[in-house]
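Reader: I am new to this structure and would like to learn how to read the place where chains meet. Could you take me through it step by step?

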Amino acid sequence: MPTVSSDLLDGVRAAGPLQLGIAPFGLVAGVAAVEQGLSVAHALGFSSLVFAGASQLAMIELLGADAPLAIVVGTAVVINLRTMMYSASIAPYFRDLTARAKALASYLLTDQAYAVSIARYGRDGETDRFAYYVGAGASLWFVWQVTTVAGALLGSGLPPEWGFDFAAPLVFLALLVPTLKDRASGASCLVGGLVATGVVVAGVPFHLDIIVAAVVGVLAGLGVESLGGDA
Amino acid sequence: MPTGYDSATVWLVIALAGVLTFAIRGSFIYLFGRIDDVPPTVESALEYVPAAVFAALVFPALLAPSGDLAVSVGNDKLVAGALAALAAWYTERVLATILVGMGALWVLRFVV
């Protein structure tokens, strides 16, 4: 019989390789916060209260550009909508948890914690699922907090001509490429990316680019899917 | 560019985004038993959100880094981004993508 602690440690171990992606991402998010005039406390606030890297980074950039607050928060919601899929997919495994444990599970639900847990649940029915999930999720959480604070402490000392702000789109690029699974998602990418660029170049006010691009890009994906291009 | 918002406003954004993000993540974990499955149309739409959203965060930064369209080899971010995209494709690693992209940018800026 597997014990609770061994499943927890298995979760920590499974998340290990993913920490190599989380750590630089966290550093970038911390550096970006300070570069946009936010404090180290703000950076830690984003990491602990929101705990969603891509949306944190996007919000920090929008705050730096003085975008309207509704756009800042609305963009974060759009970016985090994908976790609703994870929530639906993992919910059956968490159905018997207490309300408090469900709250912890919801708080820790990231791309990475979801991916390692759902893979394990599919392979092994004996696992203490919650322990394994908390092992993965909490260790990812810990590395994220430490690296964003480290990035924020480091951030103000970086020379601007080195262009560290370019690390943010590179992180998004690393998140984008694995989502390109078929023609329909390729269409979402191409249309979403070009529409966002068009909105930026046209100088449309209020930084609506991500929200508009998400809507049009998703419609493009659905269009290609309905044409049978989802090969 | 440093933000023009004051500290309290930034905290308000953090709190709002935190609550909404938690609600999205908790949605089906809490609703399970009442709504067991996402409606198929919603599921299909959600499937395309990551590609559209991440592309919207990447394309303008490469194609129009200063707000104007700049599709040329003189745009160092576009060239570095294209090389980083290859790294992302072949390694699927965040670290490798950042290292290749930043490395290429620095070579283009300080060496070439």
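Author: What follows goes from the chain contact as a whole to one pair of helices and then to one residue. Please keep in mind that this is a predicted model, with an ipTM of 0.91 and a pTM of 0.88; chain B has an average pLDDT of 92, and 99% of the residues in that chain score at least 70.

Reader: How many residues of chain A are in contact with chain B?

Author: The size of an interface is often given as the accessible area lost when the parts come together. Here we count residues instead: 80 residues of chain A are in contact with 65 residues of chain B. On the side of chain A, helix α10 (residues 183-201) supplies the largest share, 11 residues, and that side is made up of 53 nonpolar, 21 polar and 6 charged residues.

Reader: How do the axes of α9(A) and α2(B) cross?

Author: Two packed helices are described by the angle between their axes and the distance between the axes. For helix α9 (residues 167-176) of chain A and α2(B), the axes come within 9 Å and cross at roughly 140 degrees, and the crossing is left-handed. Among the residues making this contact are Phe172(A) and Leu176(A) from α9(A), and Phe54(B) and Val58(B) from α2(B); by class, the contact has 12 nonpolar, no polar and no charged residues.

Reader: Is Phe54(B) buried or exposed?

Author: Phe54(B), which lies in helix α2 (residues 40-63) of chain B, counts as buried because it has 31 C-beta neighbours inside 10 Å, where 20 or more are required. Beyond its neighbours within four places in sequence, Phe54(B) is in contact with Phe172(A), Leu175(A), Leu176(A) and Thr179(A).

Notes:
Residues are numbered from 1 along each chain as its sequence is written. Chains are lettered from A and ligands numbered from 1 in the order in which they are written. This is a predicted model: local features need pLDDT of at least 70, side-chain atom pairs count only at pLDDT 80 or more; totals for chains, interfaces and linings use all residues. Two residues are in contact if their C-beta atoms, placed from the backbone, lie within 7 Å. Helices (H or I, at least four residues) and strands (E, at least two) are DSSP runs, numbered from the N terminus. Ala, Val, Leu, Ile, Met, Phe, Trp, Tyr, Cys and Pro count as nonpolar, Asp, Glu, Lys and Arg as charged, and the others, Gly among them, as polar. A residue is buried if 20 or more other C-beta atoms lie within 10 Å of its own, exposed if 12 or fewer, and partly exposed in between; C-beta atoms are placed from the backbone. pLDDT is the predictor's confidence in each residue, from 0 to 100. Axes are lines fitted to C-alpha atoms, for helices over the stretch in contact, and angles run from 0 to 180 degrees between N-to-C directions. A crossing is left-handed if the near helix is turned anticlockwise from the far one by less than a right angle, and right-handed if clockwise.
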